[in-house]
Amino acid sequence: MRTSATIAAVLVLASGLWNTASAADRLFTAYNIWFEQPTRVYSTNYQRGNILPAGSEVKDVSRSPRNLDFVDVKLNMKFSIEFVAKHHPGVTAEQWMNRLLTTKQFPELTRGFTAAEIKSIKAGEVKVGMSKKAVLVSAGYPPEVGTPSTELDSWKYWRHRFGTYSVKFAKGKVSSREQ
């Protein structure tokens, strides 16, 4: 048992979550992650293919300077997510990795959200009326190359390499979503 606790401590340290997690904490995805091939996912979070849901428990977390690897506990599937620096100007790989995983399970991630927001998150959708926080859990952080700050009222997401859509906010809520 002592060995598994030591390994858990090393994994938490290696994942960059040492400021928010203890060695005994379980780790979860902080937002929905889209993938076509789990071994080749990009930090841009292209929104096509399958969804690894927000709040999915992960294990065997490891990182390198450009990749974050983990195994989804439920699917027993290994994911390798590559940090694409040019899509995240001003954000380090470590900062990006730190916001991808959390110690919060889905109920805690969505605490205070409306039933409609939770339904949209589970479907991987962004709908009018959702809060910025709910959009982050549903669609992830918009790549900084198109959205320098989530404080802005217009966010740009990528469906695939050549297709984007915008999400507009008014008073902290989605006011429109353009394809």
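Residues are numbered from 1 along each chain as its sequence is written, and side-chain values use heavy atoms, with hydrogens and water left out. Because the model is predicted, local features need pLDDT of at least 70 and side-chain atom pairs count only at pLDDT 80 or more, while totals for chains, interfaces and linings use all residues.

## The chain as a whole

The protein chain has five helices and 11 strands; these are DSSP runs numbered from the N terminus, with helices being H or I of at least four residues and strands being E of at least two. Of the 179 residues in the chain, 44% are buried. Here buried means under 20% relative accessible area, exposed means over 50%, and partly exposed is in between, using a 1.4 Å probe and protein chains only. Contact means heavy atoms within 4.5 Å. Among contacts between residues at least 6 apart in sequence, 49% join residues at least 24 apart.

## Helices α4 and α5

Let us start with a helix pair. Two packed helices are described by the angle between their axes and the distance between the axes. Helix α4 (residues 115–123) packs against α5 at an angle of about 20°, and the axes are 8 Å apart. The axes are lines fitted to C-alpha atoms, for helices over the stretch in contact, and the angles run from 0 to 180 degrees between N-to-C directions. That angle makes α4 roughly parallel to α5. The cut-offs are under 35 degrees for roughly parallel, over 145 for roughly antiparallel, 65 to 115 for roughly perpendicular, and oblique for the rest. The α4 side of the contact is made by E117, S120 and I121, and the α5 side by A134, V137 and S138. By class, that contact has three nonpolar, two polar and one charged residues. In this scheme Ala, Val, Leu, Ile, Met, Phe, Trp, Tyr, Cys and Pro count as nonpolar, Asp, Glu, Lys and Arg as charged, and the others, Gly among them, as polar.

Helix α5 is largely enclosed by the rest of the structure, because seven of its eight residues are buried. These are K132, A134, V135, L136, V137, S138 and A139. They pack against β2 (33–35), α3 (106–109), α4, β9, β10 (163–170) and β11 (173–178). After α5 comes G140, with a positive phi near 80°.

K119, in helix α4, counts as exposed at 64% relative accessibility.

## Two positive phi values

Most residues other than glycine have a negative phi, and most peptide bonds are trans. Two loop residues are worth a look here. N45 sits in the loop between β3 (41–42) and β4 (50–52), and its phi is positive, near 60°. K171 belongs to the loop between β10 and β11, and its phi is positive too, near 55°. N45 is buried at 5% relative accessible area, whereas K171 is exposed at 85%.

The contact lists below leave aside neighbours within four places in sequence.

| Residue | Relative accessible area | Contacts |
|---|---|---|
| N67 | 23% | S62, S80, I81, E82, F83 and M97 |
| S80 | 14% | P38, T39, R40, V41, N67, L68 and D69 |
| E144 | 10% | H87, H88, P89, V91 and R99 |

N67 lies in strand β6 (residues 67–72) and is partly exposed. M97 is 30 residues from N67 along the chain, and their C-alpha atoms are separated by 8.7 Å.

S80 belongs to strand β7 (residues 77–82) and is buried. The side chain of S80 also makes a polar contact of 2.6 Å with the side chain of D69. A polar contact is a pair of N or O atoms within 3.5 Å; within protein, one must be able to donate a hydrogen and the other to accept it, and residues adjacent in sequence count only if both atoms are side-chain atoms.

E144 is in the loop between α5 (132–139) and β9 (154–160), and this residue is buried. The side chains of E144 and R99 are joined by a polar contact of 2.6 Å.
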